[in-house]
Amino acid sequence: MRSGRIFKMLTAAAAAALALAACTPAGPDPVLPSPSATIVDGGTVTVLESVPFTSFNALSVTGSTATNTRIAAATHSGFFTVDEKLNISKNEEFGKVEKVKDRPLTVKYTIKDGVQWSDGAPVTADDLFLQWAALSGYFNDATLDSSFAVARGNAYFHVAGDHSMLAQSGVPEIGDDGSSLTLTYSTPVSDWESAFGALVVVPAHIVAGRTGLVDAPALTAMLRGQPKGDPADPRPDNPKLRKVADFWNTGFDTKSMPDPSLALSNGPYLVKDITPEQELVLAPNADYSWGSKPRLETLSVKYEADPDRAVDALTSGAADVISPPASAARLAALNAADGVQLQQGPGLGFDQLVLNFQGVLSEPDFRTAFLMTVPRQELVEQVASSLDPAAQMRDSFLFHPAQDGYAESVANNGIERFTVNAAADGGAQDENLAQAKEMLDGARPTVRILYNRDDPERAAEYALVADAAQAAGFTVTDAGKSAGEWMGALQAGAFDAALYGWTASPTGSVQLPQLFRTGAASNLNNFSSPAVDQLTEELGSTTEAKKQGELKRKIDELLIESGYGLPLFQRTSLSATSRNVTGVGYSPLDIGPWHSVANWAAVK
C-alpha cells in the first residue's frame with residue numbers, strides 16, 4: 001500500500017511542477033554568448049530528453065512522464081509561474097486568480113480576452129470546468145484496495161496527483177460570458193492559489209466533439225448534471241461520464257503525430273511533427289500573444305536514455321540542451337568542454353536520513369545518540385560537493401534553502417545540535433561522539449541502515465554514516481538493497497535508519513500531512529506526534545501566508561526535536577547548453593531548463 005502511495009506522491013510532485021510551470025520564467029539572467037556571437041530570430045535548437053513523448057495530456061496517469069510534462073510547459077500557459085525561490089508569480093497576460101472572500105473561501109479565475117487555442121477557439125471557463133472535474137475527483141465513488149485498484153464503485157478521471165484540495169470545492173459557477181469560473185470551498189484550504197493548477201492543458205471543445213457532444217458548453221452542462229460521487233453509496237457506472245473521462249484519460253495518448261485537433265496549444269510553441277521514438281518537432285505558435293514570443297524557428301526534441309551519451313552529444317555538437325542527472329564525472333566532462341555553459345543550482349530533491357520509530361530506535365535516547373554521530377558536513381564535502389561545488393547542508397525538512405522562511409526556521413528548529421563540521425573542527429566531532437557514547441551508556445544497539453547500493457552517492461553516504469555510528473558504539477548492519485529492491489524494503493519497514501532522497505512539492509502544504517501525520521500512507525517510518533498531527537491539520541485549513549509560515553516552522557522544530565531524522569543536502573538541478581543557444585535559465589523545478597523555453601534563442 002505504501003509503495004503505491006509514495007510513487008503517487010512523487011508523480012504528484014511532477015504534476016505540480018507542470019501545473020506550476022508557466023512559460024515565462026522569473027530567474028537569474030542566463031549566461032550570454034560572447035560579444036562576437038549574434039543572437040538571431042529563427043534557427044534550430046536540439047534538445048535531448050531521456051524518454052520519448054507519449055501524450056498531450058500530462059495531467060493523466062498515463063501521460064505524466066518527464067518528457068510529456070516538459071512539452072506541456074512549452075505548449076501551454078496559465079495563471080501563474082513559480083520563480084527560482086519557489087514563490088508564485090501571477091501571469092495576468094493570461095488571466096487572473098483572485099480570492100473573492102474568506103468565508104466561505106471563494107476563488108475566481110478570469111481568462112483574459114484574446115487567449116485562445118491554436119485552432120482559433122478561445123480558452124474559456126468550460127476548459128477550466130473540465131480541468132476541475134478531472135482534478136477534484138468530484139465524480140469518483142470508488143473504494144480502492146491496498147494496491148490502489150478499484151475494489152468497488154467507479155474511478156472516472158485518472159489523475160496523476162492528489163485530489164485533497166479541490167475535493168473541498170463544490171461545483172464551480174461560470175460567469176462573465178464564459179470567461180470566468182468561481183470555486184467555493186466547504187472548508188478553507190491553505191493551497192488555494194495553486195490547488196487548481198496553473199496551466200490549462202486539455203481543450204474542452206475537443207473532448208466534447210470526440211465524445212458526441214455539440215460543443216464545450218454542452219460538455220459543461222452534461223458534467224454539471226451528474227451527481228457527486230459517494231464511496232459509501234456507489235452508483236452504477238455512468239456511461240456519459242465514463243465516455244468523457246475515458247477520453248480525457250487516454251484520448252490524447254499517442255506516439256506519432258495525431259490529428260492536429262489532439263495537439264492544440266495555448267502556449268508559445270506547438271507540436272509540428274512526431275517521428276515515433278525518435279524526434280518531436282516544435283514550432284512557434286503564430287497566434288500566441290499573451291507572453292514572450294518565441295524566437296526559434298524549430299525546436300527539435302530527440303531522445304537519449306543514457307545520460308553519459310547525452311553529455312557526449314552536447315560536447316560533440318550533436319545536441320544543444322541537455323539536463324542529465326548530476327554526477328561528478330558528468331560535471332567534470334561538461335566543465336572541460338569548450339563552449340558549454342551550465343545552469344546549476346538546488347533542485348527540489350534532497351537527501352535525508354530517516355529513523356524508524358518502531359524497533360531499536362523507538363528509544364528516544366538511541367535516536368538522539370545516533371543522530372549525534374551523523375557527519376553532515378563531511379557528507380557535503382565528500383558527496384554533495386562532487387555534484388555541486390557550492391553545496392551546503394540542508395538544515396530544514398520543510399523549507400527549501402531558496403525559500404523565504406528557511407533562515408528563520410533554521411535559526412529556531414534546533415538543527416545546530418546535529419551540525420558538526422567534521423573537516424574543519426575535529427574536536428566538535430569528537431565531542432558529539434562522546435555525547436552519543438554517554439547516551440548509549442554501554443549499550444551497543446544494532447542499527448540496520450537501508451540505502452540504494454546501486455547509487456554511488458548513497459553508497460558513499462552509507463560508508464560515512466556507518467563509520468561514525470560504529471565509532472560511537474552502535475553496531476551497524478548494512479541493509480542496502482539494489483535499485484529494484486530498496487523501495488520495497490522501505491515500504492515494508494525493513495530498516496532502522498534509511499538514506500534516501502525526497503522530492504518536495506514546489507509550493508504549498510498538501511504534502512505535509514501525507515508525510516508526517518500518524519498512520520498516513522506515506523509515513524514510511526512510523527512517526528507519530530499528536531502535536532504534529534494537530535499542526536498539519538491546522539495548516540491545511542490556513543489561508544494566510546504568515547500563519548502558514550509559523551505553523552511550518554513549528555512542525556520543522558518538532559521533527560528535529562523528536563528525532564525524526566536529519567536533512568542532509570539539496571540535490572542539484574543541472575542543465576547544460578552549447579554555444580548555439582542562449583536564454584536557457586536555471587530552475588529548481590523538475591522541468592528544469594524548459595521553464596525558460598519561451599526565452600531560448602539561436603546564436604550564430
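This is a predicted model: local features need pLDDT of at least 70, side-chain atom pairs count only at pLDDT 80 or more; totals for chains, interfaces and linings use all residues.
View 1. Residues are numbered from 1 along each chain as its sequence is written, and side-chain values use heavy atoms, with hydrogens and water left out.

**View 2. The open sheet around β21**. Its 3 strands come in the order β1-β21-β20, with antiparallel pairing. At the edges sit β1 (39–40) and β20 (581–582), each pairing on one side only. Strands here are DSSP E runs of at least two residues, helices are H or I runs of at least four, and both are numbered from the N terminus.

**View 3. Helix α8 and its two sides**. In α8 (residues 328–336), R330, L331 and L334 are buried (under 20% relative accessible area; exposed is over 50%, partly exposed in between, with a 1.4 Å probe and protein chains only). Seen down the axis of α8, the buried residues fall within an arc of 100° (directions from the helix axis to the C-beta atoms), so they line one face of the helix. On the other side of α8, A329 and A336 are exposed.

**View 4. What α8 packs against**. The buried residues of α8 pack against α7 (307–316), β14 (321–322), β15 (341–355), α10 (376–387) and β19 (565–577), with contact meaning heavy atoms within 4.5 Å.

Terms used. Two strands pair if DSSP finds at least two bridges between them.
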